[in-house]
Amino acid sequence: MSAATDSPIGPSDPKKHSPGWSIAHHFDTADQQFDSARMGIWLFLVTEILFFGGLFCAFFIFRSWYYEAFVEANHHLDKVMGAVNTMVLIFSSLTMALAVRSAQTNDKKKTVLFLLVTLLCAGAFLVVKYFEYTHKIHDGLLPGKWFHAQGFKHANAGMFFAVYFMMTGIHGLHVVIGMGLILWIMIRANNGEFSQRYYAPVEGVGLYWHLVDLVWIYLFPLLYLVG
Amino acid sequence: MSVAVPGAGTEKHEHGHGSPPGSNYWNAEKGLWSWLTTVDHKRIGIMYLISTLIAFSLGGFFALLLRLELLTPRKTIMSPAMYNQAFTLHGAIMVFLFIIPSIPGALGNFFLPIMIGAKDVAFPKLNLLSLYLYWTGALFTLGSLVAGGLETGWTFYVPYSSTTSGAVIMVTFGVFVAGFSSILTGLNFIVTIHKLRAPGVSWYRLPLFLWATYSTSVVQILATPVLAITLLLLIFERAFHIGIFDPALGGDAVLFQHFFWFYSHPAVYIMILPGFGLISELIAVHAKRKIFGYKAIAFSSVAIALIGFLVWGHHMFVAGQSEMAATIFSFLTFLVAIPTGVKLFNWISTLWRSSITYSTPMVYAIAFLFLFAIGGLTGLFLGMLAVDVHLHDTYFVVAHFHYVMMGGTVFAFVGALHHWWPKITGRMFNEKLGRISGIVMFIGFNMTFFTQFILGSRGMPRRYYNYLDQFQPLHQFSTVGSWVIGLAFLIVLYNLATSLKSGAKAPDNPWGGMSLEWQTETPPPTENFRVTPKVTHGPYDYSNDPNATGASDS
């Protein structure tokens with residue numbers, strides 16, 4: 001593990017890291033290239049927040065309209081499973097941050113390892129989600145006209161499950177996309193492409209993954225806990 | 001007529017090692033495949049230009065059909081269902097496939113990097129992806145032509161869109177995909193302007209077109225995701241009957257309107273702001289005068305972009321929103337008039353005692369000033385609560401919208417297309433024919449749409465297939481006007497197309513412009529500049545030019 005002997009950021013021999021990397025033709029310096037990439041990712045995250053913002057807005061509107069139905073339907077979500085998933089995602093954000101740090105310090109082994117743990121956490125999240133969904137489908141707690149569960153006091157419980165499935169479904173899609181991205185940078189990290197000279201993709205995917213985590217941190221209390 | 005100032009004020013600080021002398025972005029590589037896989041912003045701009053012009057022709061074709069149908073009060077050439085489909089597709093194509101992507105995608109892509117002295121946009125591959133997303137979106141949208149059509153109007157209002165038959169999901173999905181293209185273009189431009197400016201290009205040395213494009217990009221990034229989620233909810237609604245928007249299922253149709261206009265009102269500034277930017281270029285260059293009130297024009301673009309987010313409720317004055325909300329939205333709508341007025345007055349001040357050349361671009365720019373003034377002022381009528389009750393959903397709204405979008409954006413776009421045509425293609429068009437096209441278009445436009453103000457104020461509702469007999473003379477006049485507009489576009493097409501074959505070779509700087517795109521070769525080489533330019537003056541510094549007036553205001 002040669003990187004361990006290097007100082008965390010200080011270059012011993014920067015040329016030997018990220019051998020295949022170069023500055024694209026339209027940039028003058030590596031800093032300019034890196035700053036551009038970073039700014040691009042942040043702007044992309046802004047669009048994601050607005051995208052989910054529309055969903056949250058719809059949630060609040062329907063919650064205030066059909067308050068009793070939402071409170072009643074809310075009790076049918078599995079708080080334990082939701083809490084477990086919250087833990088899993090927060091932990092995966094930690095390992096993601098550690099992976100970025102390892103890439104910055106030329107520690108290829110740790111980068112790959114932390115990315116692998118992040119990937120496994122994402123997989124675990126989806127497995128838990130699968131059991132939750134199966135249970136809902138089995139109980140007939142479904143969106144709109146497919147809602148056929150018995151014993152609800154209030155109408156429009158189907159609206160809650162419509163919102164629930166859309167929000168968690170779109171979030172789940174982001175998790176799946178995130179898994180693809182993590183796998184992609186994990187393979188590249190394993191090929192030794194990242195180092196203190198060049199780690200923009202690791203950081204970019206990391207920022208995306210934190211956002212996915214953050215959205216869930218809002219989804220969990222709003223859907224599962226607020227009664 | 002023109003005074004070339006080659007390289008004036010630019011210093012060369014390094015020696016390039018790019019493409020060989022004489023090569024340019026047209027001939028650097030050959031074959032269709034080299035175009036489809038290019039990451040050169042100029043080639044991507046050209047492909048956007050061709051694509052959006054095809055969309056414009058298609059949308060225009062539907063417009064001519066609509067006007068033809070309205071020649072008589074009853075059935076003329078098509079059935080009521082076909083009429084609904086024609087106005088829906090006219091609107092959807094013009095808005096989502098032409099006017100939103102046209103100026104940023106075509107002219108923005110081509111000139112933004114050149115105007116800041118950069119070699120390309122910040123993310124060239126992402127830029128190509130934007131184009132492919134646009135094509136994909138266009139395929140889905142136009143696919144509705146063979147997949148059952150669409151009768152909802154371009155706004156996809158629920159419950160039309162949740163209950164009528166037709167290819168609603170297909171078209172909304174197409175618009176959803178095209179929206180991502182718009183987002184990525186905006187993102188690319190913002191990063192490019194922030195990070196890739198050449199030495200000496202400070203923010204206040206940016207050409208005003210770029211301030212406008214920057215403001216547009218902010219709106220594209222902040223508003224388009226909301227349209228994306230709205231359309232996605234609509235698709236879910238239709239596919240799974242979940243009742244987010246459909247009142248019959250427990251949803252709220254007005255919520256759809258809120259969501260839709262939260263995007264689509266800012267989106268009209270996506271459509272007009274780049275047009276404002278182009279007018280600043282056309283007026284300054286063709287009047288040979290330093291622009292009056294540079295900072296005022298620059299910040300008015302930003303102000304319009306920001307205020308534009310707070311006025312969406314003025315589309316819903318009669319849709320059942322609270323009186324308080326309507327009053328606030330009405331007040332905020334009037335606020336937009338202030339930065340818009342700032343622009344108009346600064347343009348007029350720039351023209352004051354300048355050496356105006358009545359070249360083709362200037363003819364279009366002056367037409368713009370007249371038409372946009374009318375379009376903007378009639379917007380105030382509609383923003384007034386009591387007046388809107390009478391005018392909403394009439395031809396008055398249609399006329400207002402076309403005065404700002406066609407009289408504004410399209411006139412600016414066609415003017416700028418002429419302005420930059422020599423730089424893009426390396427050929428000069430026929431000046432006389434160009435001026436004639438502008439004048440014919442101005443006449444045809446007013447015939448078509450001024451008439452509609454009168455129709456609307458007399459109570460002619462929009463989107464009606466049949467109408468009262470008393471409206472027929474005005475409708476017929478409007479229809480004849482639409483043929484005159486069509487003729488004007490045929491002249492433009494003929495003029496520009498023949499210039500490619502037989503036009504004179506264009507010099508590097510035919511209009512004597514000061515901004516960077518005129519300081520490089522015509523057509524530009526792949527890397528835009530043989531040597532990275534070092535800029536030492538503003539984009540409209542005509543004060544050192546003996547042929548220009550207005551030296552005293554610098």
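Residues are numbered from 1 along each chain as its sequence is written, and chains are lettered from A, with ligands numbered from 1, in the order in which they are written. Because the model is predicted, local features need pLDDT of at least 70 and side-chain atom pairs count only at pLDDT 80 or more, while totals for chains, interfaces and linings use all residues.

Me: What pattern does chain A follow along the sequence?
Reply: Helices (H or I, at least four residues) and strands (E, at least two) are DSSP runs, numbered from the N terminus. Chain A has 6 helices and 0 strands. Its C-alpha trace spans about 70 × 35 × 25 Å along the principal axes. Read along the sequence, the pattern is α-α-α-α-α-α.

Me: What percentage of the residues of chain A count as buried?
Reply: A residue is buried if 20 or more other C-beta atoms lie within 10 Å of its own, exposed if 12 or fewer, and partly exposed in between, with C-beta atoms placed from the backbone. Of the 227 residues of chain A, the share that counts as buried is 38%.

Me: Are α1(A) and α5(A) roughly parallel or roughly antiparallel?
Reply: Axes are lines fitted to C-alpha atoms, for helices over the stretch in contact, and angles run from 0 to 180 degrees between N-to-C directions. Angles under 35 degrees count as roughly parallel, over 145 as roughly antiparallel, 65 to 115 as roughly perpendicular and the rest as oblique. Helix α1 (residues 30-65) and helix α5 (residues 157-190) of chain A have axes 11 Å apart and pack at an angle of about 165 degrees. That angle makes α1(A), relative to α5(A), roughly antiparallel.

Me: Which element gives the largest share of the side of chain A that touches chain B?
Reply: Two residues are in contact if their C-beta atoms, placed from the backbone, lie within 7 Å. By this rule, 24 residues of chain A are in contact with 30 residues of chain B. On the side of chain A that touches chain B, the elements giving two or more residues are α1 and α5 of chain A. The largest share, 15 residues, comes from α1(A).

Me: Is A367(B) buried or exposed?
Reply: A367(B) lies in helix α11 (residues 360-383) of chain B. Leaving aside residues up to four places away in sequence, A367(B) touches F411(B), G438(B) and F442(B). Because 22 other C-beta atoms lie within 10 Å, A367(B) is buried.

Me: Which residue is joined to P159(B) by a cis peptide bond?
Reply: P159(B) is placed in the loop between α4 (124-143) and α5 (160-163) of chain B. The cis bond has an omega of about 5 degrees, and the residue joined to P159(B) is V158(B).

Me: Which residue is joined to P523(B) by a cis peptide bond?
Reply: P523(B) is placed in the loop between α15 (472-502) and β2 (533-535) of chain B. Here omega is about -15 degrees, and the residue joined to P523(B) is T522(B).

Me: What is the phi of H241(B)?
Reply: H241(B) is found in the loop between α7 (208-240) and α8 (253-287) of chain B. With 17 C-beta neighbours inside 10 Å, H241(B) counts as partly exposed. Its phi is positive in a residue other than glycine, with a value near 50 degrees.
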